[in-house]
Amino acid sequence: LVSRITVVLAMPLGRSGKKKSQAPFFSQQFFIENHADIVSCVCMVACVGMMFQVTHPIASMFVTAQYNTTLNETDGDEGPSATLYFLGPKDVFAVLFYSLIWITVHALLHEYIWEKWCRRLHLSKTKTTQFYDNGQLASFYLISTIAGISILQQKEYLGSLSLLWREYPDVPVSFIEKMYYILQIAYWVHCFPELYLMKAKKDELQDKILFYCMNLVFVLAFYSFSYIRLGIFFFTVHHLVECLDSAVTVLEFAGKQQAAQPLRTVWSGVFVVGRIGTMAIAAAAFLFGLPKLYDDNTSVGFKTGNFNIPVVRFPLFAAVIAISLYYMWQFVIFQISQRNEVLERQESAAKERQQQREKKRNRRDQEARRRKKEEEENETEVVERGSASEKDSSPRKSGGRK
């Protein structure tokens, strides 16, 4: 794992295009332009520290998961054993290290995928910012969804959803479950320095900070209170829905309407099923399943990892329901606006067709009037010619009689 991380982080982030004059060393602009290289070097130092016995204890606090213990899968002393992990304050060091990893990954995706794609689209500044944000979120949501589904399938939680709360508290946890949460927390932590590194506008800071804080608080709450399995399920469903939404937005900005339209329909169906399923599982767990496991004699706190008390359950349940209802309300508003836009387009198309029919009718009427006028003129000419010929013939007749 360390060797793979070192190879990936050692990749140079060269800037494509024309060479620009470099900013002075130790300046703000120099740090922003080269932050990915600087951060990757710091990560490599931590990875290299794992190879030496002197620095291994300190480096391992940042790179590897802490509070591991070995438990036998059978009741006897002999037999297969499994390495599980508890939760603790030393996880902060791992969160800091993997936040730096996310900053490097963010720069790689921005440099080699989203920026190159955006240059071909020639978007405005506002749409360019939205394109980058949705692209980065779509990448994270996709990775998180795949990881969440893999954990749920590997642990067989999908086969019996009651396993999500039946064995609470969910400590100790497996390696993949702990790393899932550490990477989740690290991602939302890295979003805050990215506001500075990506030069976010002042009018966008409030909404983005609120969005990042909301996600970070939710992940920290489920991780700190040992609702590990429920959190993985809720986050996987949420990230699946948001991944489709961000992907549709990216395709719409890219002008791929033929691919975006069917994907938007799929997103609508997944959204409704996902939000309703989230609220149903939350009600079943927090209102019916977990209260049955409550015991007054069981100690509550971070040492035991047990927070199966109403003071914790009800706020978490209320938060999950509130967020789900908020997203449902936004979904309804979006669908209404989409419906209104469709009706407006239909009305404008009907008006345009009506105008075209009126124009055709007017052209036919004008053509009919023109033809009628020409016929009348032709008849007048014929009459005039006939009267002129009669006048010419009358003097001849009178002269012959004389």
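Reader: What makes the contact between the side chains of K208 and E204 a salt bridge?

Author: This is a predicted model, mind you. In it, the N to O distance between K208 and E204 is 3.5 Å, and the cut-off is within 4 Å, so the pair counts as a salt bridge.

Reader: How do you know that K208 and E204 are separated by about one helical turn?

Author: They're four residues apart in helix α9 (residues 202-224), which means about one helical turn. An α-helix has 3.6 residues a turn, so positions three or four places apart point the same way.

Reader: What makes E367, R370, R371 and E374 a network?

Author: Salt bridges link them. R371 meets E367 at 3.4 Å, N to O, and E374 meets R370 at 2.6 Å. Within helix α12, R371 and E367 are four residues apart, and E374 and R370 are likewise four apart.

Reader: Why is E374 partly exposed rather than buried or exposed?

Author: E374 has a relative accessible area of 38%; buried is under 20% and exposed is over 50%, so E374 falls in between.

Note on methods: Residues are numbered from 1 along each chain as its sequence is written. This is a predicted model: local features need pLDDT of at least 70, side-chain atom pairs count only at pLDDT 80 or more; totals for chains, interfaces and linings use all residues. Side-chain values use heavy atoms; hydrogens and water are left out. Helices (H or I, at least four residues) and strands (E, at least two) are DSSP runs, numbered from the N terminus. Buried means under 20% relative accessible area, exposed over 50%, partly exposed in between (1.4 Å probe, protein chains only).
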